Amino acid sequence: MKIRSVDAAWLHCPLDPARQHVSDFGRLTAFDAVLVTITTDDGLVGYGEAKPAVGSAGNGAALVAIVEQELRPQLLGQDPRQISRAWGRGYNGTRSGHAERQGRAMPVLGRRGAHSAALAGVDLALWDLLGKAHGCPVLDLLGGPCRDRVAAYASGGWADARTIGEQLAGYTAQGFRAVKMRIGAMDGSVTASLARVRAARDALGPGVEIMVDAHGTMNVAEAKRFCQGAAELELRFVEEPVASDDRRGLAEVRAQSPVPIAAGESEAACFDFAELLEVRAIDVLQPDLAIAGGLTEGLRIGALAHAHRLALAPHCWGSAISFQAARTLAFACPAGVFVEVPMGGAPLLRELARIDLALHADAQHAGVMLPPTGPGFGVEPDPDFVRRYTVAP
Ligand SMILES: [Mg+2]
């Protein structure tokens, strides 16, 4: 089996006003991702996703160029089943031979950011192909699920103190037993963030897990004040209280926080997560598979979480492809405790392909998802949707 073609398409889906939300990132008016399509000489097609931004809106032109101009020449004619080797070629570039012989990475300059995301798109497409070649879900190739079900949490919560309870109750009405709300710079002060979270807890009562996400917008002193002030509110975790560049600051916050700390959505590769763990900065690892280097790297990050007795909760704010890959990772890793389900406008999650996003409940569990089904990641993009939203870089 050989790789015959590698193509990338920037999908740009404008959101109609009813599906837009406002956060510290501003008003989100679009949802973007880069769809990577790899075909083989025996007619298989694999789909991957590369993300230009951690939120939904971002310019995908650079990712298309990296996939088609840098990574494609490394891939054409190669065996698509050698995924780890393809990852090494993408990460190490012209020195991949030395890296293979010496057993350590010798990365290209763009080992973080756009290059890592482009490599993620290729990696996910290759895993999808491997599952299809075997006629089974990718999860089966990883040893199968570690558990029968994974908790899903509703990710949204942008409303003010007066209406946040109602907004989050809208999520629990859909079956979620865990919800995440935004805090931080958009509130203007720690006091205002705490008031919104207190209003949410009062509205939801004690039976619902609440997480909060500051998008890295607090300073260390503010983050400490928030975590201390939230001690009685029974939060499952505080996500990115301070900027991702400030690993030591995050460690300082965690050392004094009664609430667990989550982070990692904008990090790339296991090396970034290893540094976070070395300074004891986080309790919950949140790699985004369409940013951090795909499933290959996600499995390495999941192993780090397991070895350090921490939790893995992949960041999901992308298309059906990265969602199903993250779901696969959560089931494959002993540390995988959560998947995130975006509550904002997310046409690439809900309309690119038909996937099962149903929540399940029984006597012991509610708001959980079952393992993904279908060959590969089980995502077959609708060609009309892809045509309609593909923009020329
Ligand atoms: Mg986040």
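Residues are numbered from 1 along each chain as its sequence is written. In this predicted model, local features need pLDDT of at least 70 and side-chain atom pairs count only at pLDDT 80 or more, whereas totals for chains, interfaces and linings use all residues.

The protein chain contains 14 helices and 15 strands (DSSP runs numbered from the N terminus: H or I of at least four residues for helices, E of at least two for strands). The C-alpha trace spans about 60 × 45 × 40 Å along its principal axes. Of the 393 residues in the protein chain, 52% are buried (20 or more other C-beta atoms, placed from the backbone, within 10 Å of the residue's own).

At least three core residues come from each of domain 1 (3-137 + 383-391) and domain 2 (150-369), with bounds from an automatic or database domain assignment.

Helix 2 (residues 83-92) packs with helix 4 at an angle of about 170 degrees, the axes being 10 Å apart (lines fitted to C-alpha atoms over the stretch in contact, with angles from 0 to 180 degrees between N-to-C directions). Helix 2 is therefore roughly antiparallel to helix 4 (angles over 145 degrees). Contacts (C-beta atoms, placed from the backbone, within 7 Å) join Ile83, Ala86, Trp87, Gly90 and Tyr91 of helix 2 to Leu119, Val122, Asp123, Leu126, Trp127 and Leu130 of helix 4.

Methods:
A residue is buried if 20 or more other C-beta atoms lie within 10 Å of its own, exposed if 12 or fewer, and partly exposed in between; C-beta atoms are placed from the backbone. Angles under 35 degrees count as roughly parallel, over 145 as roughly antiparallel, 65 to 115 as roughly perpendicular and the rest as oblique. Two residues are in contact if their C-beta atoms, placed from the backbone, lie within 7 Å.
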